[in-house]
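Student: I am new to this structure. Please take me through a single part of it, slowly enough to follow.

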Amino acid sequence: MSGLKAEVDPAEVGLDAERLRRIDRHFARYVDDGRLAGWLVAVSRRGRLAHVSCYGSRDIEAGQPVEPDTLWRIYSMTKPVTSVAAMMLYEEGAFELTDPVSAFIPAFADVRVYAGGSDQRQVTVPVTEPVRIWHLLTHTSGLTYGFLRVHPVDALYRAAGFEWGTPAGMDLAQACEAWAAFPLLFQPGTEWNYSVATDVLGRVVEVASGQRLDEFFATRILGPLGMTDTAFYAGDEAAGRLAALYAPAPGGKAARLDTLGRVATRPARLNSGGGGLLATAGDYQRFLHMLLDSHGSPAGELDGARLLSPRTVRYMGRNHLPGGLDL
């Protein structure tokens, strides 16, 4: 779904049109002073799209503007899609949330926990309980990201080639085996840390379903929801709509980052359930609306395509963190 247009007057859903335009004016300054190349904003309320605006360039050097059908790298917003995939399999009885990850990825049977030392010489101890699917979904597994740079184990990830990507030629199964060989930051379930856990969850989806992650997404989520512009890479027909990748340079200006940006223009050997998808704003808006509990469309369904039960979606929205309130 590449088209994206407001479908209701903001006042009909309790929004102020002038205040919405303040958002546009605010972010326009980011483009005008060079901090951003361009942007697209879409605001929905009560399941209805009330405001759409875009500004700036999807490719500054080529003089191409941001348009409603621009393709964006959605990075970690891939994680909710992978989590929905896992919960679909959970509803089908493919696993329990308390099942050990090692039942699907045997390398996780031997994980150990960092207890001291440095990245060059670590002291580790055995896990007191296994890493479970529950821990992957809540980022309480003890896994980490190499780019975080706050823990000695992060340095182990970077040294092995896991910083902003994965070593060339490595598939998801091989990456999971490599991650299982690193020490965990803490005992599973005791703390929270943003991590490759959702990538590992993507591998669980593959093993439990018998499909590659891109195949599961396409047949079970993207196709039923009409998300025709969402994939792990932009093919020849879609590449012209893909926004160029920019990152902050010294001084805060946006600088083109083609080395990393080109990754999205070719098929991936490793389909990252934690950060690999491309999508239009219109497509992702459909995914989000599927999760909404709105009048005439209970959560987990969109336009007649039901992916999850409303009860499961409500359960997903609760606070499951250690010591957290059950909201």
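Tutor: Start with Arg 241, which is buried, at a relative accessible area of 18%. Buried means under 20% relative accessible area, exposed over 50% and partly exposed in between, using a 1.4 Å probe and protein chains only. This is a predicted model, where local features need pLDDT of at least 70, side-chain atom pairs count only at pLDDT 80 or more, and totals for chains, interfaces and linings use all residues. Residues are numbered from 1 along each chain as its sequence is written, and side-chain values use heavy atoms, leaving out hydrogens and water.

Where does Arg 241 sit? Its place is in the loop between α7 and β7 (246-248). Helices (H or I, at least four residues) and strands (E, at least two) are DSSP runs, numbered from the N terminus.

Now its surroundings. Arg 241 touches Arg 58, Asp 69, Thr 70, Leu 71, Asp 229 and Thr 280, not counting residues up to four places away in sequence. Contact means heavy atoms within 4.5 Å.

Next, for context, the nonpolar core. The largest one has 62 residues. Such a core is a set of buried Ala, Val, Leu, Ile, Met, Phe, Trp, Tyr and Cys residues joined through side-chain atoms within 4.5 Å. Phe 108, Leu 136 and Trp 179 are among those with the most contacts inside it. The largest share of this core, seven residues, comes from α2.
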